[in-house]
Amino acid sequence: MTTLSTPSPGSTNRTSETGGKAPSAGSSRRGARAAPARRRGNTGFVLACLLPALVLFAVFMVIPTVNVFRTSLYTWGGFSPDKRFVGLDNFRRLLDDEQFVRAFQNTVALLVVVTVVTMSMGLFLAAIMTRQRLRGRNLYRFVLYIPNVLSVVVIAAIFSAVYDQKNGLLNGTLRLLSLDGLQQVWLGNQRIVLYSVAIAMVWQSLGYYMVLYMAGMASIPEELYEASALDGASATRQFFAITLPLIWQSLRTTLTFFVMSAVNLSFVLVRAMTGGGPDGSSDVLLNYMYKQAYTNSSYGYGMAIGVVVFAFSFLVSLLVSRATRREPLQF
Amino acid sequence: MRRSLVLTGAAVTVLGLLAGCSSGGSGSDSGKTTLKVAALEGGYGRDMYTQVIKQYEASHPDIDVQLQISKSIEDEITPNMKAGRYPDVVVLGQGRKAALTETLIKDKALEDLTPVLQAKIPGENKTVGDKLTKGIVGNLNTNPYGTDKTYLMPMYYAPTGLFYNQGLFEQKGWKVPGTWDEMFALGDTAEKQGIPLFTYPTAGYLDSFFFALLADIGGEQFYEDVMTYKQDVWKTANARKALDITTKLLGYAAPATVGYANEQDFTKNQQLILDNKALFMPNGTWIVGEMADAPRAKGFKWGLTPLPAVTAGGKRYITTSVESAWVPSAAEHKDAAKDFIAYLYSDEAAKTFAQSNAIQPIEGIASSLSGENAEFYKVYEDPSVAALVGGFASTAPVAGVDIKATLFDTANSIISGDTTEDKWQAALNDASEKLRQAGD
């Protein structure tokens with residue numbers, strides 16, 4: 001956690017000043033000492049050991065990815081031998097495709113809403129559980145983590161029961177509280193169906209990120225909190241001045257993971273829960289890609305959408321990584 | 001020494017991986033032809049296939065039939081097909097989500113099966129063409145390019161239409177409406193008693209509704225025009241009339257419909273019929289099996305009716321779903337495949353299929369049916385009712401245009417008020433026009 005990316009040369013000095021307290025820094029130094037001792041003959045051996053992994057990586061990652069990019073330049077149904085090269089036509093057509101634009105908007109909306117909500121709630125809950133020594137926190141942690149081990153199809157089934165317009169948990173509770181006016185057709189109203197999906201996504205991933213942050217927070221030395229408490233810092237102040245800066249690196253990493261997994265999760269969930277409906281109002285990019293590539297027999301066009309998804313995830317991850325870059329702090 | 005062992009190990013691993021990727025050729029060395037048959041495990045089950053294959057193998061000792069059958073057969077055969085290993089015979093209809101049949105049609109990757117129609121059925125004196133019900137081949141379902149060449153052999157057929165509870169109609173003393181005017185009058189009556197007139201499982205089920213409605217309004221020629229994307233066909237008065245009737249009908253839809261019209265909840269819409277909470281829904285004969293274990297209102301009895309006529313005494317069409325058997329043009333044993341398909345229409349095979357309620361379009365077969373099925377197939381006996389087969393013509397795929405989605409899914413937005421009939425008509429015209437251009 002301490003040396004996730006350390007571009008500044010000063011950071012190495014600082015670790016040595018702290019007496020190599022951080023374990024990862026220590027091990028990397030040992031590695032550096034061993035390096036010159038490695039004999040030349042070892043290179044072949046190392047390469048041979050790497051070969052299987054490299055072959056697997058090439059066969060299952062590199063070649064398919066290159067194929068996606070290549071196929072996106074063709075018109076092709078998926079089976080026939082006659083592929084027609086159309087250059088960037090598929091991409092040009094994407095711009096005029098209203099349903100694609102809608103799916104893109106939905107994906108972005110889900111990404112923003114779900115990321116912000118999950119991250120802030122995860123941080124908040126983790127802080128409460130580690131700092132406030134909450135009674136029964138292991139139970140809470142367990143309960144909040146459960147959704148993460150459930151299959152997405154199960155989650156879709158659970159939420160379709162929760163959202164059921166007649167005897168669902170949500171509308172039932174609202175009726176019980178005499179808030180009948182707030183009852184909604186959660187999966188049938190085109191204006192709210194996307195948020196219904198978003199809530200299911202938050203529910204699924206919240207526990208996982210909370211546990212990650214809790215682990216990060218647990219390793220922050222207690223002295224820092226004691227010292228700041230003596231200086232009269234409130235719990236809120238401690239969170240923003242101590243906790244947040246010290247887990248910043250793990251926050252950055254999880255954010256990047258999250259952006260990528262949210263794109264995938266939204267597809268599986270939408271497919272199982274709403275099918276992109278009603279009338280395409282909850283469609284997301286990957287679902288639309290699937291529909292075009294298979295149901296509409298436009299494999300090349302589908303792959304063009306795949307390229308957009310690839311570029312988009314890449315770009316967002318890069319932006320997130322850039323925007324959150326800070327000088328890493330250590331304790 | 002140890003190092004060389006490790007190196008050998010690594011090399012073996014790599015070779016193993018590569019070999020694993022390329023193994024699995026055809027394995028027919030014993031002089032027998034291995035015929036690979038892939039079939040969708042639909043509501044009819046898998047036993048009928050194993051039985052028919054056993055009978056076929058008994059009379060054809062030189063052929064070894066390998067059956068692959070699954071509820072998601074597309075997922076199982078597609079990877080092999082992409083790698084160039086095709087099944088010889090596939091029994092799979094159109095309208096499935098994976099759209100494998102449609103894709104191969106669009107890609108022109110099917111074998112011409114016109115010769116099968118003239119082929120003699122193994123062990124019988126008749127040809128396949130002699131036995132088939134008249135009018136079942138020669139439409140867009142079997143001849144997808146609108147030519148006289150047949151690429152898809154019709155395997156089983158089933159009527160689709162409006163399903164309702166006969167028991168409820170008897171209790172209330174209602175008559176099943178014969179015209180749309182009567183239909184909407186019934187809608188008003190039922191509404192007063194708190195029963196909505198209409199629902200659908202998901203909007204995709206409107207296919208059986210729409211195709212019949214188009215033919216009811218403008219006859220088979222108009223239906224054909226729509227299916228082949230004739231220029232400006234959606235701007236005609238007939239098309240507007242179809243949308244008018246549909247929009248009005250959707251106004252009578254059960255309020256729960258849209259919220260349940262998805263993969264998870266569609267059975268809840270079907271349940272509305274069983275619970276007497278909606279009167280009619282478009283569906284197919286499989287509904288009986290699908291909802292067999294569901295609770296139902298007292299005195300419930302499934303009924304099937306064609307759509308009401310547009311004018312009193314007018315001709316009514318019943319959309320007939322037909323599953324097909326086809327041969328990929330890349331198949332290895334095409335001749336054996338054609339012979340096998342011909343055998344599927346033999347008396348022996350037809351009997352086995354009919355026992356599992358899989359009804360083939362063979363003259364005179366409907367008389368051998370019993371139970372609910374017999375009643376469903378009776379709809380064809382009404383002289384004013386005709387079977388309607390087919391669907392949208394195949395064109396080269398047009399990226400981003402899915403006219404079925406435009407025609408059916410928009411119903412959700414019509415009910416919820418998110419779009420208007422005018423916009424619907426414009427979108428249909430636009431999609432149809434793009435497909436027409438791709439077909440030229």
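User: What pLDDT does chain B average in this model?
Analyst: This is a predicted model, and pLDDT is the predictor's confidence in each residue. In chain B, 93% of the residues score at least 70. The average pLDDT of chain B is 87.

User: In chain B, which helix has the highest confidence?
Analyst: Begin at the other end of the scale. Confidence in chain B is lowest in helix α1 (residues 2-22), at a mean of 56. The highest value in chain B is 95, and it belongs to α10(B).

User: What is the mean pLDDT of chain A?
Analyst: In chain A, 88% of the residues reach 70 or more. Over residues 1-34 of chain A the pLDDT is below 50, and that stretch has 27 contacts beyond near neighbours in sequence. The mean for chain A is 84.

User: What ipTM does the predictor give the complex?
Analyst: Two scores describe the complex. The pTM is 0.79. The ipTM is 0.75.

User: What radius of gyration does chain B have?
Analyst: Chain B has 440 residues, and a compact globule of that length would come near 22 Å. The value for chain B agrees with this. Along the principal axes, its C-alpha atoms fill a box of roughly 90 × 55 × 50 Å. The radius of gyration of chain B is 24 Å.

User: How many helices and strands does chain B have?
Analyst: Both kinds of element occur in chain B.

User: Are α9(B) and α10(B) roughly parallel or roughly antiparallel?
Analyst: Helix α9 of chain B spans residues 206-227, and helix α10 of chain B spans residues 237-251. They pack at an angle of about 160°, with their axes 9 Å apart. Angles over 145 degrees count as roughly antiparallel. That makes the pair α9(B) and α10(B) roughly antiparallel.

User: Is the crossing of α9(B) and α10(B) left-handed or right-handed?
Analyst: Residues of α9(B) in the contact include B:Leu213 and B:Phe222, and those of α10(B) include B:Lys241 and B:Ile245. By class, the contact of α9(B) with α10(B) has 6 nonpolar, 3 polar and 1 charged. The crossing of α9(B) and α10(B) is left-handed.

User: Which helix of chain A gives the largest share of the side that touches chain B?
Analyst: The contact takes 41 residues from chain A and 35 residues from chain B. Helices of chain A that each supply at least two residues include α3 (42-71), α5 (98-131) and α12 (248-273). On the side of chain A, 18 residues are nonpolar, 19 polar and 4 charged. The largest share, 7 residues, comes from α3(A).

User: Are α5(A) and α12(A) oblique or roughly antiparallel?
Analyst: The axes of α5(A) and α12(A) come within 10 Å and cross at roughly 130°. Roughly antiparallel needs an angle over 145 degrees. The crossing is right-handed. α5(A) and α12(A) are therefore oblique.

User: How many charged residues does the contact of α5(A) with α12(A) have?
Analyst: α5(A) brings residues including A:Leu110 and A:Val114, while α12(A) brings A:Phe258 and A:Val259, among others. The contact has 9 nonpolar and 4 polar residues. The number of charged residues is given as no charged residues.

User: How far apart are the axes of α13(A) and α14(A)?
Analyst: α13(A) and α14(A) (residues 299-323) pack at an angle of about 165°. They are therefore roughly antiparallel, and the crossing is left-handed. The axes of α13(A) and α14(A) are 7 Å apart.

Notes
Residues are numbered from 1 along each chain as its sequence is written. Chains are lettered from A and ligands numbered from 1 in the order in which they are written. This is a predicted model: local features need pLDDT of at least 70, side-chain atom pairs count only at pLDDT 80 or more; totals for chains, interfaces and linings use all residues. Two residues are in contact if their C-beta atoms, placed from the backbone, lie within 7 Å. Helices (H or I, at least four residues) and strands (E, at least two) are DSSP runs, numbered from the N terminus. Ala, Val, Leu, Ile, Met, Phe, Trp, Tyr, Cys and Pro count as nonpolar, Asp, Glu, Lys and Arg as charged, and the others, Gly among them, as polar. pLDDT is the predictor's confidence in each residue, from 0 to 100. Axes are lines fitted to C-alpha atoms, for helices over the stretch in contact, and angles run from 0 to 180 degrees between N-to-C directions. Angles under 35 degrees count as roughly parallel, over 145 as roughly antiparallel, 65 to 115 as roughly perpendicular and the rest as oblique. A crossing is left-handed if the near helix is turned anticlockwise from the far one by less than a right angle, and right-handed if clockwise. The radius of gyration is taken over C-alpha atoms; the globule rule is 2.2 Å times the number of residues to the power 0.38.
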